[in-house]
Amino acid sequence: MRSRTEVETFVNSWIATHVRGMPVPASLPHEVDRLAARLTGDARAQGISGGELAQAFGDLDDYLTGQYQQAAITTPSGA
């Protein structure tokens, strides 16, 4: 079992690579589902369980939606 800090570090790094700087897609729920599945798979490959993700971040779809929206706010149009 990984510590909460290890899980948070992994997820924040993963998000920086896969979410930051990307425009919000027209179908955000579909994109969030795709990213959640990919994040969960990558986390499992690193020995992080879905339960550990849930303990650290709650509902992963909600968390990723918020991260996408935050990235869109901080990313200039056309970037």
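This is a predicted model: local features need pLDDT of at least 70, side-chain atom pairs count only at pLDDT 80 or more; totals for chains, interfaces and linings use all residues.
How exposed is arginine 4, going by its relative accessible area? I started my notebook there. Arginine 4 comes out partly exposed, at a relative accessible area of 48%.

**Entry: the overall layout**

I counted the secondary structure of the protein chain and got four helices and zero strands. Going along the sequence, I wrote the pattern down as α-α-α-α. The chain has 79 residues, and 32% of them count as buried. I also looked at contacts with a separation of 6 or more: 82% of these are between residues 24 or more positions apart.

**Entry: arginine 4 and its partner**

Next I asked which residue arginine 4 forms a salt bridge with. The partner is glutamate 8, and the closest N and O atoms sit 2.9 Å apart. I noted that the cut-off for a salt bridge is 4 Å, so this pair qualifies at 2.9 Å. Both residues belong to helix H1, and they are four residues apart, about one turn of the helix. Glutamate 8 is partly exposed, with 26% relative accessibility. I jotted down the general idea too: side chains of opposite charge can pair when their charged atoms come close.

**Entry: the other salt bridge**

How many salt bridges does the structure hold? I found two. Is glutamate 31 buried or exposed? I have it as buried, with a relative accessible area of 12%. Buried means under 20%, so 12% puts glutamate 31 in that class. Arginine 34, at 37%, is partly exposed.

**Entry: H1 against H2**

I then checked how two of the helices pack. Helix H1 covers residues 4-18 and helix H2 covers residues 28-45; they pack at an angle of about 135°, and their axes are 11 Å apart. That angle makes H1 oblique to H2. I noted the handedness as well: the crossing of H1 and H2 is right-handed.

Which residues in H1 meet H2? I listed Phe10, Val11, Trp14 and His18 on the H1 side, and they meet Leu35, Arg38, Leu39, Asp42 and Ala43 in H2. Sorted by class, the contact has six nonpolar residues, one polar and two charged.

**Entry: alanine 36**

I stayed in helix H2 for alanine 36. Alanine 36 is buried, with a relative accessible area of 8%. What does alanine 36 touch, once residues up to four places away in sequence are not counted? I got Leu60, Asp61 and Leu64. I also looked up alanine 36 against aspartate 59: they are 23 residues apart in sequence, while their C-alpha atoms are 9.9 Å apart in space.

**Entry: glycine 51**

My last stop was glycine 51, in helix H3, which runs over residues 50-57. Glycine 51 is partly exposed, with a relative accessible area of 43%. How far apart are glycine 51 and methionine 1, in sequence and in space? I wrote down 50 residues along the sequence and 10.0 Å from C-alpha to C-alpha.

Conventions:
Residues are numbered from 1 along each chain as its sequence is written. Side-chain values use heavy atoms; hydrogens and water are left out. Axes are lines fitted to C-alpha atoms, for helices over the stretch in contact, and angles run from 0 to 180 degrees between N-to-C directions. Angles under 35 degrees count as roughly parallel, over 145 as roughly antiparallel, 65 to 115 as roughly perpendicular and the rest as oblique. A crossing is left-handed if the near helix is turned anticlockwise from the far one by less than a right angle, and right-handed if clockwise. Contact means heavy atoms within 4.5 Å. Ala, Val, Leu, Ile, Met, Phe, Trp, Tyr, Cys and Pro count as nonpolar, Asp, Glu, Lys and Arg as charged, and the others, Gly among them, as polar. A salt bridge is a side-chain nitrogen of Lys or Arg within 4 Å of a carboxyl oxygen of Asp or Glu. Buried means under 20% relative accessible area, exposed over 50%, partly exposed in between (1.4 Å probe, protein chains only).
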